[in-house]
Amino acid sequence: MVNTVPSENGNFLFFKGFLNIKSGITTRKFGDCNSYYLPLCKNPAAEKKCTAIAKLTGNNFFHRMIPRHNDGICFASNSNENCDYSCDALALYKGKGKAGNLLLAPTGDCPMVIIECERGFGIIHSGYKCARLNIAVKTIGRFISFFSAESENIKAIIWPGIRGDCYEVGPEFIDYFGTENVYWLNGSFRIDLAKLIKKQMISAGMLAHNIAIVKKYCSFCNNDLFFSARRGDKERNLIFAHTP
Ligand SMILES: [Zn+2]
């Protein structure tokens, strides 16, 4: 089970007790962490925010995802500078004595997966477009080949973003994901993406008990705490993950 623990000043929500790595999400109070549009070299405000998270989590450098709503997977190097990566899954080798590198990835309502094996960890952006491309399954495949991981030993936390009952979708989602994943509620179709991602990860050999969904929050319902694209927010929260 994942425990969610807010930071004292309310700037972060930490995910505790399921993975060996540390992870969490920034809140509305921490402010906008959008990385969709501008690379760091043209975005000093974003660099400042990311540097602040690195400092607060005890890291020296950060690696930031610029999501493409596609299925690109990047492996960051344990470098001595802050970097941007155009991809929807960003991974890092844990290394030995290489602590101090932080992974960051933005979310508005999209589910995010924090994934860990013995030698590495990563963040997967898995909104419906990436989920259609099976990005979680592809990332597991890369963890197996790149980190020599065994699927039954990989663990993951899923941040649900917008929860199923709040996520209204069109009938085309039945073509995308089948009637087994799309349901009818109060006059429209809905899909529980976190549940779908969990199923995809199990199909790739992960064990159900190694996948935990953060059940307490929904970016749409808890719009007082988190930015939500469906509520019209242009701002984004950041998922962060790093070695202890
Ligand atoms: Zn909700």
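Author: E8 and strand E16 (residues 237-242) pair in the antiparallel sense over six bridges. This is a predicted model, in which local features need pLDDT of at least 70, side-chain atom pairs count only at pLDDT 80 or more, and totals for chains, interfaces and linings use all residues. Residues are numbered from 1 along each chain as its sequence is written.

Reader: What makes E8 and E16 a pair?

Author: Two strands pair if DSSP finds at least two bridges between them. E8 and E16 have six bridges, so they pair. Within this pairing, Pro106 stands opposite Leu238 in E16. The strands themselves (E, at least two residues), like the helices (H or I, at least four), are DSSP runs numbered from the N terminus. The protein chain has five helices and 16 strands.

Reader: Why are E1 and E6 said to stand at the edges of their sheet?

Author: The open sheet has seven strands in the order E1-E2-E3-E16-E8-E4-E6, with mixed pairing. Strand E1 (3-6) and strand E6 (83-86) each have a single partner strand, so one side of each is left without a neighbour in the sheet. From one strand to the next, the twist averages 25 degrees.

Reader: How do you know that E12 and E14 pair?

Author: Strand E12 (residues 168-169) and strand E14 (residues 188-191) are joined in the antiparallel sense by two bridges. The rule asks for at least two, so this pair meets it. Strand E13 (residues 182-185) also runs antiparallel to E14, with four bridges. Arg190 in E14 stands opposite Glu168 and opposite Tyr183. The hairpin of E13 and E14 has two residues between the strands, and Asn186 takes a positive phi near 45 degrees there.

Reader: Why is Lys94 called buried?

Author: A residue is buried if 20 or more other C-beta atoms lie within 10 Å of its own, exposed if 12 or fewer, and partly exposed in between, with C-beta atoms placed from the backbone. Lys94 has 20 other C-beta atoms within 10 Å, so it is buried. Lys94 is found in the loop between strand E7 (89-93) and strand E8 (101-107). Leaving aside neighbours within four places in sequence, Lys94 is in contact (C-beta atoms, placed from the backbone, within 7 Å) with Arg119, Gly120, Phe121 and Thr243.

Reader: What makes Met112 buried?

Author: Met112 has 28 other C-beta atoms within 10 Å, so Met112 counts as buried. Met112 lies in strand E9 (residues 112-116). Its contacts beyond four places in sequence include Ala105, His125, Trp159 and Ile239. Met112 and His125 are 13 residues apart in sequence, and their C-alpha atoms are 4.9 Å apart. Of the 244 residues of the protein chain, 44% count as buried.

Reader: How do you know that the size of the protein chain agrees with a compact globule?

Author: The radius of gyration is taken over C-alpha atoms, and the globule rule is 2.2 Å times the number of residues to the power 0.38. With 244 residues, a compact globule would have a radius near 18 Å; the protein chain has 17 Å, so the two agree. Along its principal axes the C-alpha trace spans about 50 × 40 × 30 Å.

Technical notes: Contact = placed C-beta atoms within 7 Å. Axes fitted to C-alpha atoms, helices over the stretch in contact; angles between N-to-C directions.
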